[in-house]
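Grab a pencil and work through the exercises below with the model open beside you. Each task comes with a worked solution.

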Amino acid sequence: MKLKVITSNPGKVIEYQKAFAKFDVCVEHCCVPYDEIQTSELEEVVKKGMSELRAKGLRNFIIDDSGLFIHVLRGFPGVYSAYCQKTIGNDGILSLMKCVDDRSSTFKCCIGCDIDNKTIIVTGKCDGHILYKETGNNGFGYDPIFTFDGKRSFAEMSIDEKNVVSHRGNAVKLLMSELTSLGLINTNN
């Protein structure tokens, strides 16, 4: 089976390739632009994106929308995480969090999968905290400022370690469960 990962972020593609490596699923990067609507829900962004990509004739693909939801900031940057990362970056988030004690946050990832004329939408999450400074050299985006265990950032973890606990890793597990229940993959490999 082959699935296209529709994204402009090569870091996401690497995470998907690692996650699907033990299954008979070939994951390839495909960069097809689509509009990401401005809404408060990741699922709405994914559903609209899937509809647009299907209208362009794409089949057997995965898209995802992820966000970092910082509790004290009422969920900001949330669905605006990519824009926020491009404009103010991790330094900007750390500035917003200066002198803030409650650093709890949740990373969420909503995956939409079009496969064999079926639609699967799942959302994974990972609870954690915003660190006081960037640490680590791996990963991308907010990885250097997010910790799930209070010991190390996502950027201090290997991709395999991160996939076990991350929002995307948890969403992929849910997707695998759905694909297995539909008989589209065998997770007993």
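Strands here are DSSP runs of E with at least two residues and helices are runs of H or I with at least four, numbered from the N terminus; two strands pair if DSSP finds at least two bridges between them. The model is predicted, so to speak of local features takes pLDDT of at least 70 and side-chain atom pairs count only at pLDDT 80 or more, while totals for chains, interfaces and linings use all residues. Residues are numbered from 1 along each chain as its sequence is written, and side-chain values use heavy atoms, with hydrogens and water left out.

**Exercise 1.** Work out which strands β5 pairs with, and in what sense.

*Solution.* Start with strand β3 (residues 61–70): 10 bridges join β3 to β5, and the two run antiparallel. Finally, check burial (under 20% relative accessible area with a 1.4 Å probe, protein chains only; exposed is over 50%, partly exposed in between). In β5 (residues 104–115), 11 of the 12 residues are buried, so the strand is largely enclosed by the rest of the structure.

**Exercise 2.** Find the residues other than glycine with a positive phi at Asn60 and Asp116, and say where they sit.

*Solution.* First, the background: most residues other than glycine have a negative phi. Asn60 has phi near 55 degrees, and its place is the loop between α2 (42–55) and β3. With 25% relative accessibility, Asn60 is partly exposed. Asp116 comes in near 50 degrees, within the β5 and β6 hairpin, which has 2 residues between the strands. Asp116 is partly exposed too, at 43%.

**Exercise 3.** Describe the largest nonpolar core.

*Solution.* A nonpolar core is a set of buried Ala, Val, Leu, Ile, Met, Phe, Trp, Tyr and Cys residues joined through side-chain atoms within 4.5 Å. The largest one has 23 residues, and Tyr16, Phe20, Ile62, Ile111, Leu175 and Leu179 have the most contacts inside it. Now trace the suppliers: β1 (2–6), α1 (10–20), β5, β6 and α6 (167–181) each give at least two residues. The largest share, 5 residues, is from α6. Another core lies apart from this one, with 15 residues, including Cys84, Leu94, Ile130 and Met157.

**Exercise 4.** Locate the cis peptide bond.

*Solution.* Look at Phe76 and Pro77: omega is about 0 degrees there. Pro77 belongs to strand β4 (residues 77–78).
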